[in-house]
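Visitor: Please take me through one part of this model in detail. I would like the metal site and the loops around it.

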Amino acid sequence: MALKKKGVWSHGTNANDLDPYLLRHVLKRHCQGVPHHVTHSVCSGCAATAFDLFIDKAMHIVRTCTACKIDHMICDLDRKCDPDSASEIICSCMYSECEVAVGFALMDNGTVGHLYVAGCCTECGLCGVYSVYSEWSPEGDFPFPNMAKSV
Ligand SMILES: [Zn+2]
Ligand SMILES: [Zn+2]
């Protein structure tokens, strides 16, 4: 099944559908004329690709591997994420596990201008953007390779 569009959300079948979703529906629309990249989240502990997502008050995302339970704060290079205030993201199908990819829009100097954290529900295939990061601390113009390693 290919990507099916339903409003701002799209139904896919697996994490591969996150690439066209992010590139065509999100980055192309919101960040025109700059380079785009999509990087998929993989657990550093067990190499699994399914996570429960938690979002803190400032919209930073923590992913917890559903296989080995390791937590990771997505692209939290300036360490602003507050896991204690985070609450779990539940899909409209009431399931929580999803595969995750991050779409990056780069600026002229190769640093990240915007990033979009997207998930594809492993139960129903719903793809959506769960958070957008666009403002980093003053010292935080983070180069893409550093960000891509922290997805
Ligand atoms: Zn794991
Ligand atoms: Zn779902």
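**The metal site and its loops**

Guide: Cys-68 is partly exposed, with a relative accessible area of 31%. Here buried means under 20% relative accessible area, exposed over 50%, and partly exposed in between (1.4 Å probe, protein chains only). This is a predicted model: local features need pLDDT of at least 70, side-chain atom pairs count only at pLDDT 80 or more, and totals for chains, interfaces and linings use all residues. Residues are numbered from 1 along each chain as its sequence is written, chains are lettered from A and ligands numbered from 1 in the order written, and side-chain values use heavy atoms, leaving out hydrogens and water.

The SG atoms of Cys-43, Cys-46, Cys-65 and Cys-68 coordinate the zinc ion (ligand 1) at 2.3 Å. Donors are N, O and S atoms within 2.8 Å of the metal (3.2 Å for Na, K and Ca); water is not among the atoms, so sites may look incomplete. The donor spacing in sequence is C-x2-C-x18-C-x2-C. Cys-46 sits in the loop between strand 3 (36-40) and strand 4 (51-55), and Cys-68 in the loop between strand 5 (61-65) and strand 6 (71-73), so the pair ties together parts 22 residues apart in sequence. Strands are DSSP runs (E, at least two residues), numbered from the N terminus.

Angles of 101 to 118° between the four donor atoms make the arrangement tetrahedral (all angles between 85 and 135 degrees). Cys-46 is partly exposed too, at 36%.

Now the backbone. Most residues other than glycine have a negative phi. Ala-47, in the loop between strand 3 and strand 4, has a positive phi of about 65°. Lys-69, in the loop between strand 5 and strand 6, has a positive phi of about 70°. Ala-47 is exposed at 52% relative accessibility, and Lys-69 is exposed at 55%.

Terms used
Tetrahedral: all angles 85-135°; square planar, octahedral: opposite > 155°, others 65-115°. Helix = DSSP H or I, 4+ residues; strand = E, 2+ residues; numbered from the N terminus.
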